[in-house]
Amino acid sequence: MHLIVDANIPAADACFGVFGRVTRVSGREITRAHLEDADALIVRSVTPVGEALLAGTPVRFVGTCTIGTDHVDRDYLAAHGIGFASAPGCNAEAVADYVLSSLLTHAEREGRPLLERRVGIVGAGNVGRRVQARLEGLGMTVLVCDPPRAEREGSAGFAGLDALVERCDVLCLHTPLVREGRHATRHLLGTNRIAGLQPGSAVLNAGRGDCVDGAALYRRLTMLGDIAALLDVWENEPGIDAALHAEAALATPHIAGYSLDGKLRGSLMIHHALAGHLGSRSALALDDICPPPALAELTLGRALPVEDALRLCARAVYDARRDHDALRRRAAEAGTAAGFDACRAGYPLRREFATLSVRLEGEARTLAGPLAAAGFTLAA
């Protein structure tokens, strides 16, 4: 069996070498020629998979080690009997880490407490639910908009998007890209809603770039300058709008979910899906492929203000400013598109909040609730 695997997928040999010969190719460079004798294709979100790539090839299974699937033509796969699997939820914890790190950084820069703000979450799937749980665990007021879930489950607990725009200080987008139909999400945050955002509010997009009208957001940022944009996803990646990039308070290259833990979960989920496709089972587990963290434990010996403690522990694991600075630097050196891809291809090792065990001594024990809510492990 011959497998073509995106070169940025970790543990490829451990997860896919057991099935046959693995050829690793940069995700944006995979072409039909690579698939002429391939039986399986394993990708991430940068590889469009459909008829143009697969027609005339022997590929019988496609796996994407990502939550999102909008880069895959699933109808084409189904029509041609090609097996498919994705990895829903694999990096949801990493995205929740990113959101909290980014919001804490933005609040510090503005000199306004994060915990006093009202947050609107758009999209309550694997990521949105986790973000909601963490913020509510920190005592924050959270409004949630998810029309498909509200239809299925009833409206209790959900609000409309316009209510979030009107009432929230922070708007976090965690929606998939749906191009058509009643629940289409392209430019969900468009000209009118961007104009309606409260002065002093912040928009964080870690869902899909096309869910926000970048041109309208740029106009609000430059004409009024009274809101902030924290953007991990963009329209036209990797050729993102350089002008919008320059105006964003936090700008990162679609790496919110790029923890090692999340990537390895994705690899493992597709490993098990491929085994099932082939009629077998595998006992491979995350502990078999995941190394121990470089920083396993941190001790706090005295109490700190809650947001200071959260920032200290967050930055011990992951600091969103690093990715912001790297994108600015790489974009200045090589241009936005090349810089964007260079940041992703050379992304440094990153772990999740839960890999850090925080030991609390003395009066620092008062921080147990907020730190646990934020996703850290408390040492026994």
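The legends below describe close-up views of one predicted model.

Local features are reported at pLDDT of at least 70 and side-chain atom pairs at pLDDT 80 or more, whereas totals for chains, interfaces and linings use all residues. Residues are numbered from 1 along each chain as its sequence is written, and side-chain values use heavy atoms, with hydrogens and water left out.

**View 1**
The open sheet of 6 strands has the order 7-6-8-9-10-11, with parallel pairing; strands and helices are DSSP runs numbered from the N terminus (E, at least two residues, for strands; H or I, at least four residues, for helices), and two strands pair if DSSP finds at least two bridges between them. Strand 7 (141-145) and strand 11 (250-251) stand at the edges, each with a single partner strand, so one side of each has no neighbour in the sheet. Helix 4 (residues 92-110) packs on the sheet and touches strand 8, strand 9, strand 10 (228-231) and strand 11, where contact means heavy atoms within 4.5 Å. The direction of helix 4 makes about 150° with that of strand 10; axes are lines fitted to C-alpha atoms, for helices over the stretch in contact, and angles run from 0 to 180 degrees between N-to-C directions.

**View 1. Strand 6 and strand 7.**
Strand 6 (residues 118-122) pairs with strand 7 in the parallel sense over 5 bridges. Within this pairing, Ile121 has Val144 as its bridge partner in strand 7, and Val122 stands opposite Cys145. Strand 6, helix 5 (residues 126-137) and strand 7 make a right-handed β-α-β unit, the term right-handed meaning that, with the strands pointing away from the viewer, the path from the first strand over the helix to the second runs clockwise. Because 4 of the 5 residues of strand 6 are buried, this strand is largely enclosed by the rest of the structure; buried means under 20% relative accessible area, exposed over 50%, and partly exposed in between, with a 1.4 Å probe and protein chains only.

Strand 6 and strand 8 run parallel and are joined by 4 bridges, with Leu171 as the bridge partner of Gly120. Strand 8 also pairs in the parallel sense with strand 9 (residues 202-205) over 4 bridges, and there the bridge partner of Leu171 is Val203. From strand 8 the chain crosses through helix 8 (residues 191-196) to strand 9, and this β-α-β crossover is right-handed.

**View 2. Helix 11 and its surroundings.**
Helix 11 (residues 260-277) has 18 residues and reaches 26 Å from its first C-alpha to its last, close to the 26 Å expected at 1.5 Å a residue; the expected span is 1.5 Å times one less than the number of residues. Its buried residues include Leu260, Leu264, Leu268, His271 and Ala275. What covers the buried residues of helix 11 includes strand 1 (2-6), helix 1 (12-16), strand 3 (40-43) and helix 12 (286-289). Just after helix 11, Gly279 takes a positive phi of about 80°.

**View 3. His245 in helix 10.**
His245 lies in helix 10 (residues 242-247) and is buried, with a relative accessible area of 5%. Leaving aside neighbours within four places in sequence, His245 is in contact with Trp234, Ile240, Ala251, Leu327, Arg328, Ala331 and Thr336.

Strand 12 and strand 13 (residues 357-360) pair over 4 bridges in the parallel sense, and Thr299 has Arg359 as its bridge partner in strand 13.
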